[in-house]
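Hi,

Here is the structure I said I would pass on. Have a look, and then read my notes below.

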Amino acid sequence: MKQLIDKLQETCVLAPEEYRVLIDQHRDAGLAEYLFAKARTVKMQNYGHDVYLRGLIEFTNYCKNDCYYCGIRKSNGKAERYRLSKKQILDCCAAGYALGYRTFVLQGGEDGYFTDKKIIEIIQSIKKNHPDCALTLSIGEKSYETYQAFYEAGADRYLLRHETADAEHYGRLHPAVMSLKNRKQCLYDLKEIGYQVGCGVMVGSPFQTTEALVEDLLLIKELNPHMVGIGPFIPHHETPFADQESGTLELTLFLLGLIRLMLPSVLLPATTALGTIHPQGRELGILAGANVVMPNLSPVEVRNKYLLYDNKICTGDEAAECRSCLQKRMESIGCQLPVSRGDHRSMV
Ligand code: 5AD
Ligand code: FES
């Protein structure tokens, strides 16, 4: 097993069968630590002790989709819906800038209220106020033309998790109107346009098999994204998956380590979901190979409404609290949070 990890570090790729055996061994603590030590070395070679900050602004929890896992799915009649105004979004960015953020992530449900025109105005205003900042969008599936227009307006990066690379599994997580084919097309379109692109999955989502995870790794390698967002699945009580088990810390960390070796310079967040299933989840994620954290910058009044899953952390904290909390957490493991856009190494 250790030889497979050595091979992955040397060649950045394994055969499907080799990924499968490794994934099935993820609970072997000795092997996991062997992987994490290599992943940390590779991360150090690329990014040193730096962990990059992204300020997450959750600007709408309206969504036209009905993903079975997600707490803001349209069928959740109990979700209290909200939208931030352009002014509220710009105020979040200004507060974040003062706290040292140089990347803002605009994330929301697929909300028809925010037409392309409105989004373009928001992008242009943010980039006008903060020309030294990077702007990431995470607002779902759009047409090539729309992605192009957002890019021309100034958006730099786009996050669109593929959720699973197995078409059958995809169909068990989403209603039939959504398809893996379209999801992948969006990711390739975004890359072609010139965005720094992020894909990713939930670890331990219902019906996920080792084979599906191997497919995920193969797709990640093929797409060669700048960012990969992975975190554990956590049930939300008002969804069809209310009674399903959460994904585990062990498997999530193991996959972070594998992805670091596959894509040495990838931007890899230790996610809020990871911090939700374990009090030190984000620190452990960094120690397994991650190099990004994405604290919440949304106004406190709306934080307890953007609930994709149960027990989400930081829903009562101010932006400044999350900023200093993470600083302490990262310093406790020997890392620092530079005031920087934190671009992928290929872009600087
Ligand atoms: N548990 C964990 N992650 C979730 N997401 C959505 N619902 C859940 C859940 N119940 C993730 C999806 C989505 C991202 C924004 O949040 O992967 O792409
Ligand atoms: Fe929000 Fe720790 S990151 S309080």
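First, a term: I call a residue buried under 20% relative accessible area, exposed over 50%, and partly exposed in between (1.4 Å probe, protein chains only). Bear in mind that this is a predicted model, where local features need pLDDT of at least 70 and side-chain atom pairs count only at pLDDT 80 or more, while totals for chains, interfaces and linings use all residues. Residues are numbered from 1 along each chain as its sequence is written, chains are lettered from A and ligands numbered from 1 in the order in which they are written, and side-chain values use heavy atoms, with hydrogens and water left out.

Cysteines, then. There are zero disulfides in the structure, a disulfide being a pair of cysteine sulfur atoms within 2.5 Å. Cysteine 199 is in no disulfide either: the nearest cysteine sulfur to it belongs to cysteine 186, at 13 Å. Cysteine 199 is buried as well, with a relative accessible area of 1%.

Now the sheet. Helices (H or I, at least four residues) and strands (E, at least two) are DSSP runs, numbered from the N terminus, and two strands pair if DSSP finds at least two bridges between them. Six strands form an open sheet in the order 2-3-4-5-6-7, with parallel pairing. Its edges are strand 2 (55–60) and strand 7 (227–232), each pairing on one side only.

Strand 4 (residues 134–138) is mostly covered, with five of its five residues buried. Ala134, Thr136 and Ser138 point one way, and Leu135 and Leu137 the other. Strand 3 (residues 103–108) runs parallel to strand 4 and is joined to it by five bridges. Across that pairing, valine 105 sits opposite threonine 136, and glutamine 107 opposite serine 138. Helix 5 (residues 116–129) lies across strands 2, 3 and 4, at about 155 degrees to strand 4; contact here means heavy atoms within 4.5 Å. Axes are lines fitted to C-alpha atoms, for helices over the stretch in contact, and angles run from 0 to 180 degrees between N-to-C directions.

Last, a helix pair. Helix 6 (residues 144–153) and helix 8 (residues 180–193) pack at about 35 degrees, with axes 10 Å apart. From helix 6, Tyr144, Tyr147, Gln148 and Tyr151 meet Cys186, Asp189, Leu190, Glu192 and Ile193 of helix 8.

Cheers
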